[in-house]
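Here is a short briefing on one structure. Please look over the sequence and the model before reading on.

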Amino acid sequence: MNHAPSSTAASSSLASTSLPANAHTRERDGQWLLITGGVLLGTIGVFVEEAGQNPLVTVWFRCAFGALALLAWCLATGRGRELLLSGNAHWVACITGVLMVMNWALFFAAIPRTSIAVATVVFHIQPIWVIIFGAMFLREAVSSTQWLATLAALGGLVLTTGFVDGTAAAGTSSTGGSYLAGVLLCLGGSLCYAGVTLLANTQKAISPYAMAMWQCLVGAVALAWAPWVLGWPPLGTAWGWLLGLGVLHTGLAYVVLFAGMARLGLGRIAVLQFVYPLTAVLVDWAVYGRTLTAVQLAGVGLMAAALWTLRRPRLAS
């Protein structure tokens, strides 16, 4: 979860959370929680760029600090029993952990090669892979509207990457081909996250919190070698940025998103999840002065409209 957790799993698993009695207050609180979580996630790129570390080292610190933050929340709320998995749930948690680590590493490697805005928006094509893989391998029914939305989203993706208006060519000429590599890395990350989504849906008994915690633990163990081989960050500000990735973007953001999703219906969640990429676009402009062209913005709009159509409850499988 670079990225927002599964809305269906989060809303169903946390439905028993203590909520305000007034429905209007509940919905309002849920909206603000989801907006806050989306804004937090939208700043991930700044922390990655400012930390300036190898992507694998950055992922290890996010996993390690994220696990500690989630553990602190676990102790404060008494949710420890959720971490006790049985049967195939162990394997699903571990495999999704590996895929999530790959997703984060590819996404973090893509950011400096493209931009925060482009990498974040391109990554959000992942629901399309879920639709396609579900139809191919799980024999899930896909409506004609969903297929049209899928084609529209892919068209928006092409526009957003900058291969149509020359933005990609400019990046290639100045960075030795790394812009194209960045786009491909991000697409690879989105494929990994689609795999996480599909696997998580086979084990609905695993709560979103337990899934996030296991993913961080798997990453912390699997990449424990990374800082020793690739280098520890120098003492100073880099540690602060890496700490923020774990505490803010993994611990706090996920807890806030889980709480918000438990208070809202799927339709409202689908709309508010676009706060994340919108924030990333604005942050990239505000902090680094990098803007998207008119063609790229049109692509973002087309992707947003198509993905919103796919996520509407009446189209859910």
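In this predicted model, the buried residues of α7 are Q126, P127, I128, W129, V130, I131, I132, G134 and A135. That makes nine of the 12 residues in α7, so the helix is mostly covered.

**Helix α7**
- Helix α7 runs over residues 126-137.
- At 1.5 Å a residue, its 12 residues should span 16 Å.
- R139 follows α7 and has a positive phi, near 60 degrees.

- S115 sits in the loop between α5 (88-110) and α6 (116-123).
- Its relative accessibility is 8%, so S115 counts as buried, the cut-off being under 20%.
- A polar atom of the S115 side chain lies 3.1 Å from the backbone nitrogen of V118.
- S115 also touches D284 and R290, leaving aside residues up to four places away in sequence.

**Cysteines**
- A disulfide is a covalent bond between the sulfur atoms of two cysteines.
- With sulfur atoms required to be within 2.5 Å, the count of disulfides comes to zero.
- C216 is in no disulfide: the nearest cysteine sulfur, that of C63, is 5.3 Å away.
- C216 counts as buried because its relative accessibility is 0%.
- C192 is buried too, with a relative accessible area of 9%.

Terms used:
Residues numbered from 1 in each chain as written. Predicted model: local features only at pLDDT ≥ 70, side-chain atom pairs only at ≥ 80, totals over all residues. Heavy atoms only, no water. Helix = DSSP H or I, 4+ residues; strand = E, 2+ residues; numbered from the N terminus. Buried < 20%, exposed > 50% of the residue type's maximum accessible area, 1.4 Å probe, protein only. Polar contact = N/O pair within 3.5 Å; in protein donor to acceptor, adjacent residues only side chain to side chain. Contact = heavy atoms within 4.5 Å. Expected span 1.5 Å × (residues − 1).
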